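Biologist: Hi, I've just opened this one. Could you walk me through it?

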Amino acid sequence: MTEFLLYPGCVASVRELGYEMATRAVLKRLGIGLRARDDFNCCMPACLVHSVDYVRGLALTARNLAIAEEEGLPLLTLCSSCYGNLSRARELLSKDKGLLKDVNAALGEVGKRYCGGAKVEHVVTALSRMYTEKELGELSTTPLKGLRAAPFYGCHLFLPSRYAGFDDPEFPKKLDRLIELTGAEAVDYHEKTSCCIGCGNFFGKVSDVAALRLAEAILDGVKASGADVVVATCPFCMMQLEVGQMKLKEEKGKEYGIPVIHYVDALGLSMGISPGDLGLDLRRLDVAPVLNKLGR
Amino acid sequence: MVSTSDLLSRLLDEKKLSFCQDCGSCTGSCPMARVLPGQYNPRRLLQRVSHGLPALLRDEELWLCAWCYRCTERCPQGIQPTEVFLLARNAAAGEGHIPANPTAVMRQIMRTGRSISVPDDFDEWREGYGLPPIGATINPKAINEQRRIFGEENLRRIGA
């Protein structure tokens with residue numbers, strides 16, 4: 001049986017329980033096992049401890065890689081930011097032996113050591129690597145016919161290509177393809193590879209203003225495409241695009257009415273998993289229009 | 001251990017920064033520059049790193065990057081602005097200039113192991129949805145480990 005070491009992540013395990021439910025339901029159906037640990041620390045986004053101390057910040061991220069190495073299993077992240085931060089540490093430490101030595105000096109203070117052998121996957125990269133298109137298509141026993149989905153890639157699955165490496169850095173296509181394999185139509189629009197400003201910026205008011213302006217541009221793009229739903233890969237993006245709609249309604253009276261789901265929700269629905277088991281009733285915006293269109 | 005200033009001199013090497021062609025790919029690619037025109041501009045930040053670092057270290061513009069890595073992906077000279085800004089922030093932190101909001105999130109991480117606070121009864125809520133417990137904090141031994149890895153001096157800097 002394929003098994004991963006679950007890296008729960010702060011946003012997914014605390015703010016996005018519906019997404020965690022969907023991931024667990026889909027992986028269970030696929031016979032993929034998840035091992036748990038209670039001692040992973042935050043992935044340490046670059047804007048936080050790395051900004052204070054480059055080497056010790058990297059050591060804190062690498063502490064998680066050391067645990068994965070101990071367990072001998074690939075890490076599975078739910079959040080694209082976790083995937084990006086862990087992949088960045090893995091890449092930097094595999095290329096710079098001096099940095100690895102410094103990081104291990106810090107890890108050694110608590111009896112840990114990283115030897116460079118950790119593997120990092122995100123739910124979407126893992127599923128896409130494990131299954132062929134034909135196999136993914138065959139999983140879709142109740143295809144999402146007639147659903148027009150707007151892919152929203154999120155940054156850290158494909159940027160920077162040096163270590164994210166999942167897709168083309170300028171014209172990513174894989175999420176479009178994954179969506180099509182669920183039977184839905186992937187619509188094109190000009191903001192599908194934009195940044196949501198969710199995971200990289202904790203500057204309070206300024207960040208909120210910036211994030212809302214970008215959310216508005218992204219949602220205007222989705223609306224113009226005529227999509228029924230946004231399909232994202234990252235819980236932070238989902239949160240930003242849902243909360244963004246709520247705020248834009250309140251502040252500007254703009255009503256989009258576009259539900260936001262994750263790729264695993266789309267996959268799960270196409271596999272015949274019930275909306276309840278996918279945690280879709282926990283979404284901030286009502287997904288009923290999507291389910292009605294699909295006759296679920 | 002290599003010091004931050006060694007890393008700084010490695011990445012903020014003036015010769016390397018002089019490779020900048022001033023093409024503006026970084027600013028043209030930047031989501032923050034797009035929505036905060038006049039307020040955030042990575043090309044200008046890079047220029048200030050090589051010509052005016054002392055004043056930049058006290059400026060909040062240094063802390064507005066959202067880490068999407070588009071500039072690093074696209075810079076035709078391979079300058080990696082994201083890494084340069086990170087090291088410039090290290091220098092700012094060394095002088096005691098760490099903005100309040102990131103400080104608050106870092107304190108939260110050092111206290112609980114997570115960037116988001118978790119209510120004491122959260123596991124009951126998770127259980128209601130068939131999800132396994134995660135605890136109000138990560139394993140206390142792991143919290144202690146991360147504090148020791150971050151180190152006394154850094155903990156003092158963020159007041160944690």
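Biologist: Where does A:Pro160 sit?
Modeller: A:Pro160 is in the loop of chain A between β5 (148-152) and α9 (174-180). Helices here are DSSP runs of H or I with at least four residues, strands are runs of E with at least two, and both are numbered from the N terminus. Keep in mind that this is a predicted model, in which local features need pLDDT of at least 70, side-chain atom pairs need pLDDT 80 or more, and totals for chains, interfaces and linings use all residues. Residues are numbered from 1 along each chain as its sequence is written, while chains are lettered from A and ligands numbered from 1 in the order written.

Biologist: Thanks! And what kind of peptide bond joins A:Leu159 and A:Pro160?
Modeller: A cis one, with omega at about -15 degrees. Most peptide bonds are trans, and most residues other than glycine have a negative phi.

Biologist: Which residue in chain A has a positive phi without being a glycine?
Modeller: A:Ile197 does, with phi near 60 degrees. A:Ile197 lies in the loop between β6 (185-186) and α10 of chain A.

Biologist: Is A:Ile197 buried or exposed?
Modeller: A:Ile197 is buried, because it has 29 C-beta neighbours inside 10 Å. The cut-offs are 20 or more other C-beta atoms within 10 Å for buried, 12 or fewer for exposed, and anything in between for partly exposed, with C-beta atoms placed from the backbone.

Biologist: Which residue of chain B has a positive phi?
Modeller: B:Trp67, at about 60 degrees, and again not a glycine. You'll find B:Trp67 in the loop between α6 (53-56) and α7 (70-74) of chain B. B:Trp67 has 26 C-beta neighbours inside 10 Å, so it counts as buried.

Biologist: Let's switch topic. How is chain A split into domains?
Modeller: Domain 1 covers 3-123 and domain 2 covers 131-294; the bounds come from an automatic or database domain assignment. Their C-alpha centres are 24 Å apart.

Biologist: How many residues of each domain are in contact with the other?
Modeller: 27 residues of domain 1 of chain A are in contact with 29 residues of domain 2 of chain A. Contact here is C-beta atoms, placed from the backbone, within 7 Å. On the domain 1 side, α1, α2 and α5 (80-95) of chain A each give two or more residues. The largest share, nine residues, is from α2(A).

Biologist: And how many residues does each chain put into the contact between A and B?
Modeller: Chain A puts in 55 residues and chain B 54. At least two residues each come from α1 (10-15), α2 (17-29), α3 (49-52), α4, α6 and α10 (205-225) of chain A. The most come from α4(A), with six.

Biologist: Which residues of α4(A) meet α6(A)?
Modeller: From α4(A), they are A:Val55, A:Arg56, A:Leu58, A:Ala59, A:Ala62, A:Arg63 and A:Ala66. Across from them in α6(A) are A:Asp102, A:Val103, A:Ala106 and A:Leu107.

Biologist: One last thing: which residues are in contact with A:Leu241?
Modeller: Leaving aside neighbours within four places in sequence, A:Leu241 is in contact with A:Phe152, A:Cys196, A:Ala215, A:Ile218, A:Leu219, A:Val230, A:Ala232 and A:Val260.

Conventions. Contact = placed C-beta atoms within 7 Å.
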